[in-house]
Amino acid sequence: MCRVAARSFRLFQIVALLCALLAPSLAAAAPRVGAHDGFTRLVFDLPGNATSSVTAAGRSVTVKLNVSLKSEQGALKAAGVTAYAVSGGTVTVTLAGSSSAANTKVSVLPRSGAAAARLVIDVPTAAAAAPLAFRPAATPATVTRPKVVLDAGHGGGDSGMVSQWVREKDVTLDVALRTRAELIKHGVDVVMVRMADTNLSADKRSDLDARSRLATTGRVSAYVSIHVNAGGASAQGIETYYFGQPPAGSNSRAVLENGGGSVGQELTRQAASSAQSLLGDILAQAKLSFSRQLAQKVQSRLLQYTGAANRGVKTDAFYVIRNPTTPAILTEIGFGSNPSEGARLATAAYREKVAQGLARAILDFLNTQ
């Protein structure tokens, strides 16, 4: 009888443990922390879509949510912030002495695909007179303008893909110039990798390295590399990449854009190795998550403006976007080898649609009207 009772008790314990493991849990409370030029970003995952109210007083920012997180608190070792505390639906961030509670930006982002809903808190860390949404400050002398780098892929002796309809280097430059014109209208400073049919070096490795370095020259809000795809006659559509490991079991697109042949293979191997080393770096992952957000916005707007087929948002080891300190993406705006898409890319009207979609996506990412 005692053995039966003991077995029953052990069975009860096992069932209770399984129920505890399978029961829905509250979202983890500790934030992901990302360091950027001028601000520190804290990201709290939420268990579902939420609404919020914000109170900024003294050296703290308090956000009240209509969802509950696990109660937790701890110190933060990042510029501008010293600690966080979570209790139910209340999130409080304690700021460092030089940070501005008034200019701290709080956003609650809804669930999007595989990305969970999240609370994003951007804390200024530099003496920036403009809030992080890049709205002008009170006096023109202290206005901070976002800066975007546009990389028109290929150029000079490197034509990129060539078909009976287009040369890649011509399309990318035209689209980049059109995108630049639209961004300037909205107060964005634009750095062009090239303004004419040139490259930065005849050596592909040096050319890509110079392009990549522009992502970290000064305070850069986004880096966008524009390319035209090639494939079989039936291949069509737009796809956008952010930096990461090449897709498993497939031929990496990056090999071609990294120079092709042995050079492209070697640069892709180096970039893939860098991607692998970043997977365990929390700060780098946070920065790459902003690249993913930029890629998603670019893909969505390009499809909206052009009606092209959706080939999705992907990761690959492109050498030109390998540095995670700036949100950086590479977009393939269509297949120049496709009879219908190549013909469209050859027209000024279609290139203008691509440029308008690209500019709108960048402005969305910068929170600029």
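In the predicted model, helix α2 passes helix α8 in a right-handed crossing, the term applying where the near helix is turned clockwise from the far one by less than a right angle, and left-handed where it is turned anticlockwise. Helices (H or I, at least four residues) and strands (E, at least two) are taken as DSSP runs and numbered from the N terminus. Two packed helices are described by the angle between their axes and the distance between the axes. For α2 (residues 168-185) and α8 (residues 348-365), the angle is about 50 degrees and the axes are 8 Å apart. Axes are lines fitted to C-alpha atoms, for helices over the stretch in contact, and angles run from 0 to 180 degrees between N-to-C directions. The angle makes α2 oblique to α8; angles under 35 degrees count as roughly parallel, over 145 as roughly antiparallel, 65 to 115 as roughly perpendicular and the rest as oblique.

On the α2 side, the contact (heavy atoms within 4.5 Å) is made by Asp170, Val171, Asp174, Val175, Arg178, Thr179, Glu182 and Leu183. The α8 side contributes Ala348, Arg351, Glu352, Val354, Ala355, Gln356, Leu358, Ala359, Ile362 and Leu363. By class, the contact of α2 with α8 comprises 10 nonpolar, 2 polar and 6 charged residues. In this classification Ala, Val, Leu, Ile, Met, Phe, Trp, Tyr, Cys and Pro are nonpolar, Asp, Glu, Lys and Arg are charged, and the others, Gly among them, are polar.

Residues are numbered from 1 along each chain as its sequence is written. Because the model is predicted, local features need pLDDT of at least 70 and side-chain atom pairs count only at pLDDT 80 or more, whereas totals for chains, interfaces and linings use all residues, and side-chain values use heavy atoms, with hydrogens and water left out.

Val224 is buried, with a relative accessible area of 0%; buried means under 20% relative accessible area, exposed over 50%, and partly exposed in between (1.4 Å probe, protein chains only). Although Val224 and Leu358 are 134 residues apart in sequence, their C-alpha atoms are 9.2 Å apart in space. The C-alpha atoms of Ser225 and Ala176 are 9.0 Å apart, at a sequence separation of 49 residues.

His154 is placed in the loop between β8 (147-152) and α2. The phi angle of His154 is near 70 degrees, a positive value in a residue other than glycine. At 6% relative accessibility, His154 counts as buried.

All 6 of the 6 residues of strand β11 (residues 238-243) are buried, so this strand is largely enclosed by the rest of the structure. Strands pair if DSSP finds at least two bridges between them. Strand β11 pairs with β12 (residues 310-316) in the parallel sense over 5 bridges, and Ile238 has Asn310 of β12 as its bridge partner. With β13 (residues 328-335), β11 runs antiparallel and is joined by 4 bridges; here Glu239 is partnered by Glu332.

An open sheet of 4 strands has the order β1-β2-β7-β6, with antiparallel pairing. Its edge strands, β1 (32-36) and β6 (105-109), each pair on one side only, and the twist averages 15 degrees from one strand to the next. Strand β1 is joined to β2 (residues 39-45) by 5 bridges, and His36 is the bridge partner of Phe39 in β2.

An open sheet of 3 strands is also present, in the order β3-β4-β5 and with antiparallel pairing. Strands β3 (52-57) and β5 (81-95) stand at the edges, each with a single partner strand, so one side of each is left without a neighbour in the sheet. Neighbouring strands of this sheet are turned by 30 degrees against each other on average, direction ignored. Between β3 and β4 (residues 60-78) there are 6 bridges, and Ala56 stands opposite Val61 in β4.

The protein chain as a whole has 8 helices and 13 strands. Buried residues make up 47% of its 369 residues. Among contacts between residues at least 6 apart in sequence, 71% join residues at least 24 apart.
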